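Here is a short report for a reader meeting this structure for the first time.

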Amino acid sequence: MNTEKDFSPLTPNIVRALNDKLYEKRKVAALEIEKLVREFVAQNNSAQIRHVIQILATEFALSQHPHSRKGGLIGLAACSIALGKDSGLYLKELIDPVLTCFNDSDSRLRYYACEALYNIVKVARVAVLPHFNVLFDGLSKLAADPDPNVKSGSELLDRLLKDIVTESNKFDLVAFVPLLRERIYSNNQYAQQFMISWIHVLVSVPDINLLDYLPEILDGLFQILGDSSKEIRRMCEVVLGEFLKEIKKNPSSVKFAEMANILVIHCQVSDESKSTNDLIQLTAMTWMREFIQLAGRVVLPYSSGILTAVLPCLSYDDRKKSTKEAASPCNHSLMKLVTPEDDEDDEDLQTKTSLSSDETPSKREGDLNDSLSESQESVGFSNISFFTPAGSDRSAVTLDLDGIVQVLNRHLHDSSTGMMTRIAVLKWLYHLYIKTPRKMFKHTDSLFPMLLKTLSDESDEVILKDLEVLAEIASSPAGQTDTSGSCNNSDSKSQLHIPGRFKDGQQMVVGSKMADMSPSTPSMNSYFYKFMINLLKCFSLERKLLEMRGAFIIRQLCLLLHAENIFHSMADILLKEEDLKFASTMVQTLNTILLTSAELFQLRNQLKDLRTQESCALFCCLYRSWCHNPVATVSLCFLTQNYRHAYDLIQKFGDLEVTVDFLMEVDKLVQLIESPIFTYLRLQLLDVEHNPYLIKALYGLLMLLPQSQAFQLLSHRLSCVPNPELMRTVEDPKVPVKDKRVAQPHIDYSELLQRFDRVQSKHLEVRHQRTGRSEHPDRKLML
């Protein structure tokens with residue numbers, strides 16, 4: 001430095017001492033400067049004060065010579081001390097050169113700069129708050145300084161500044177938040193720790209309402225929560241916990257909608273899962289749970305995103321038990337927010353939402369979305385779903401039904417979806433069909449195939465929930481209004497008509513026969529018949545499903561829907577079935593369910609008494625399909641107490657192809673006759689006089705059986721019939737036999753026998769085409 005240059009009012013001795021390499025000499029010069037500035041203060045000579053500060057800044061602090069810079073820093077600190085309370089008038093001139101030295105390559109000089117700024121701030125106190133942002137910016141850089149002395153000095157300055165902010169009520173939070181939002185994404189651990197410490201201080205100050213600006217920094221806080229440092233994670237957890245406490249205390253002032261998408265992002269874990277990611281997810285899920293409970297319907301526009309995050313967590317194992325336990329109430333609380341009001345017409349919803357659509361989003365919301373997008377890319381969440389709200393105005397919140405259905409459908413299609421998640425998805429679909437049936441039926445065609453496929457699931461609980469959804473679809477009145485849906489465009493072979501009703505007490509007759517439809521069957525929407533058609537198609541294509549779960553599925557449907565509906569429609573569909581072997585197997589399954597399931601007790605009772613037109617119509621409908629299986633047809637006659645007709649059928653068994661499978665079915669029928677279902681039949685054996693055809697039918701079965709255990713069982717039962725001499729036919733005028741046909745004038749039994757002959761002829765023809773005539777039926781039985 002040119003010592004001959006005029007630095008007045010600084011004396012040459014002061015100038016030389018400021019440039020000296022020894023700290024003690026620079027300190028002496030600083031004391032002289034302090035004395036000089038005090039004199040100017042006493043004289044109220046602000047021009048000379050500014051001149052001294054300018055010389056120290058430009059000629060010393062910003063000099064190229066390191067010792068001169070050190071001298072300038074200590075001189076500026078001396079000026080501040082001399083100015084005292086008046087230092088606030090010159091803070092910009094005092095602070096700027098010191099902050100410039102924060103970037104110096106010399107660690108000693110950075111330390112002296114930190115020391116000088118500490119003295120300046122200590123004197124100015126509250127007066128430095130207008131310059132807080134530049135001070136904070138400088139301190140955030142020193143927090144990550146590699147030199148421990150510099151870092152120690154910055155910590156002292158940091159504590160001093162925090163004390164000033166805490167004690168003052170003049171802190172400009174609005175001006176500070178943009179800087180905080182920018183710096184919170186720093187990757188440096190020390191810088192992150194610095195940010196967290198400041199946020200914790202600001203949250204604890206009663207006069208500073210940082211909660212209003214939480215949407216600006218929440219994403220950054222979750223980023224810091226994933227830091228590898230345990231200490232930083234702990235600090236971040238504490239800060240987030242404090243914010244959550246404030247949210248619970250003042251929910252009315254919380255901007256839930258602006259933070260919903262942030263939580264949606266962090267509730268989802270990236271593919272490369274770490275323990276830190278698990279912590280982020282658990283914390284975000286905990287927040288989401290509180291948000292849904294506190295904000296209510298405000299979060300509905302984000303429901304599709306929330307479900308994307310929550311549903312997979314429901315299938316977590318014990319390693320993520322806490323996250324699973326947090327996700328479950330999230331799911332339940334969100335489901336409760338959906339009400340029948342959400343099923344309003346679209347025009348009404350558009351009227352409500354148009355009020356909020358005219359408002360221009362604030363710049364801060366736009367900046368927030370930009371920062372969220374950058375955050376999403378920075379953490380590698382490439383597969384995370386991000387959802388835009390349908391409307392953020394609380395008074396015009398609408399349910400994003402299309403988005404929700406899309407998410408639910410995607411989870412159903414995903415083969416990797418866990419069992420509990422699939423159950424939750426089906427519960428959601430059921431809930432939506434209950435609360436918003438009109439809108440949901442617009443999505444039924446896209447959901448229906450996957451719901452049918454889900455019947456093949458390995459879990460019984462999943463199948464039960466799936467059946468509940470399908471039953472609701474099939475029985476909902478909302479489905480009846482859809483006359484243009486795909487269910488009405490199926491093949492003519494699959495077309496079914498809604499069961500007819502009796503009018504004015506008159507029966508519906510086709511020719512001389514009653515129509516094969518039950519007037520007692522409640523009317524169902526078009527999806528019911530589509531469901532029955534496709535269910536039988538599934539059984540036909542997946543015989544293992546029929547074998548393993550067929551009875552279970554049909555029994556549950558009989559509980560969820562009208563049992564008569566199920567049997568009536570399936571019998572009607574099987575009339576058109578071209579695969580005769582499947583038709584026979586299906587009839588055998590339905591017959592076993594009808595005779596043995598507790599769920600069908602009422603239907604059995606209805607069929608036992610064929611005195612009503614409804615029961616007769618149902619019997620005729622079932623009979624025509626039951627003809628695909630001779631033994632099932634006989635058992636149906638036993639159930640309906642049509643013993644003479646059963647005897648007539650058994651007489652025709654001699655013309656049928658008797659196979660091992662046929663005899664096994666007869667064996668099972670004998671076992672059923674000994675079961676509680678047919679208690680009434682066994683008691684009727686006591687009345688030989690009035691039930692001769694029952695006894696003859698049972699003897700007919702006995703003659704069909706080989707010498708087997710079933711033969712012995714039935715033979716023993718018939719041996720218990722009292723006084724066989726009383727077994728007389730109806731031609732004997734001495735015995736008035738009661739024929740149930742007298743009570744059923746609407747049933748044409750001759751037509752039913754003809755139907756049985758036609759169906760069995762078709763079966764025989766198909767079997768012969770499949771096996772050839774070279775193999776004799778008796779040979780099959782022997783084999």
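Asp343 has a relative accessibility of 8%, so it counts as buried. Its side chain meets that of Arg438 in a salt bridge, at 3.7 Å from N to O. This pair links distant parts of the chain. Asp343 sits in the loop between α16 (321-336) and α17 (346-357). Arg438 belongs to helix α21 (residues 437-440), 95 residues apart from Asp343. Arg438 is partly exposed, at 46% relative accessibility.

## The whole protein

The model is predicted. The protein has 783 residues, and buried residues make up 53% of them. It contains 37 helices and two strands. Its accessible surface comes to about 36200 Å². Carbon and sulfur atoms hold 50% of that surface. Among contacts with a separation of 6 or more, 75% join residues 24 or more positions apart.

How confident is the predictor? The average pLDDT of the protein is 84, and 82% of the residues score at least 70. Confidence is highest in α20, at 96. It is lowest in strand β1 (residues 509-510), at a mean of 30. Two further stretches call for caution. Over residues 355-369, pLDDT stays under 50, and the model has 11 contacts beyond four places in sequence for them. Residues 371-395 also have a pLDDT below 50, with 49 contacts beyond near neighbours in sequence.

## Selected helices

Helix α20 (residues 419-435) holds His431. Is His431 buried or exposed? At 15% relative accessibility, His431 counts as buried. Leaving out residues up to four places away in sequence, His431 touches Met335 and Val338.

Helix α13 (residues 256-266) is largely enclosed by the rest of the structure, because 10 of its 11 residues are buried. Among them are Phe256, Met259, Asn261, Ile262, Leu263 and His266.

Helix α32 (residues 660-673) has 14 residues. From its first C-alpha to its last, α32 reaches 20 Å, close to the 20 Å expected at 1.5 Å a residue. Its buried residues include Phe662, Glu665, Val666, Leu669 and Ile673. An α-helix has 3.6 residues a turn, so residues three or four places apart point the same way.

Helix α2 (residues 23-42) carries Glu32. Glu32 is partly exposed, with a relative accessible area of 36%. Glu32 and Leu10 are 22 residues apart along the chain, and their C-alpha atoms are separated by 9.0 Å.

## Salt bridges

A search of the whole structure finds 30 salt bridges. The table lists three of them, including the pair that opened this report.

| Salt bridge | N to O distance |
|---|---|
| Lys162 and Asp158 | 2.9 Å |
| Arg611 and Asp609 | 3.3 Å |
| Asp343 and Arg438 | 3.7 Å |

Lys162 and Asp158 both lie in helix α8 (residues 148-167). They are four residues apart, about one turn of the helix. Lys162 is buried, at 13% relative accessibility. Asp158 is buried too, at 10%.

The Arg611 and Asp609 pair has another setting. Arg611 is exposed, with a relative accessible area of 62%. Asp609 is partly exposed, at 33%. Elsewhere, salt bridges that share partners join Asp137, Lys141, Glu182 and Arg183 into one network.

## Aromatic pairs

How many aromatic pairs does a search of the whole structure find? It finds 25. In one of them, the rings of Phe7 and Phe60 have their centres 5.8 Å apart. Their planes stand at 50°, so the pair is tilted. This pair also links distant parts of the chain. Phe7 is in the segment before α1 (12-18), while Phe60 is in helix α3 (residues 46-61), 53 residues apart. Both Phe7 and Phe60 are buried.

Phe528 and Tyr529 form an edge-to-face pair, because their ring planes lie at 90°. Their ring centres are 5.0 Å apart. Phe528 and Tyr529 are each buried.

Ring pairs also build a cluster. It links Phe132, Phe136, Phe171, Phe176, Phe194 and Trp198.

How values were computed
Residues numbered from 1 in each chain as written. Predicted model: local features only at pLDDT ≥ 70, side-chain atom pairs only at ≥ 80, totals over all residues. Heavy atoms only, no water. Buried < 20%, exposed > 50% of the residue type's maximum accessible area, 1.4 Å probe, protein only. Contact = heavy atoms within 4.5 Å. Expected span 1.5 Å × (residues − 1). pLDDT = per-residue confidence, 0-100. Areas by Shrake-Rupley, 256 points an atom, 1.4 Å probe, with all protein chains shown as cover. Salt bridge = Lys/Arg side-chain N within 4 Å of Asp/Glu carboxyl O. Phe/Tyr/Trp six-rings, centres within 6.5 Å; stacked < 30°, edge-to-face > 60°.
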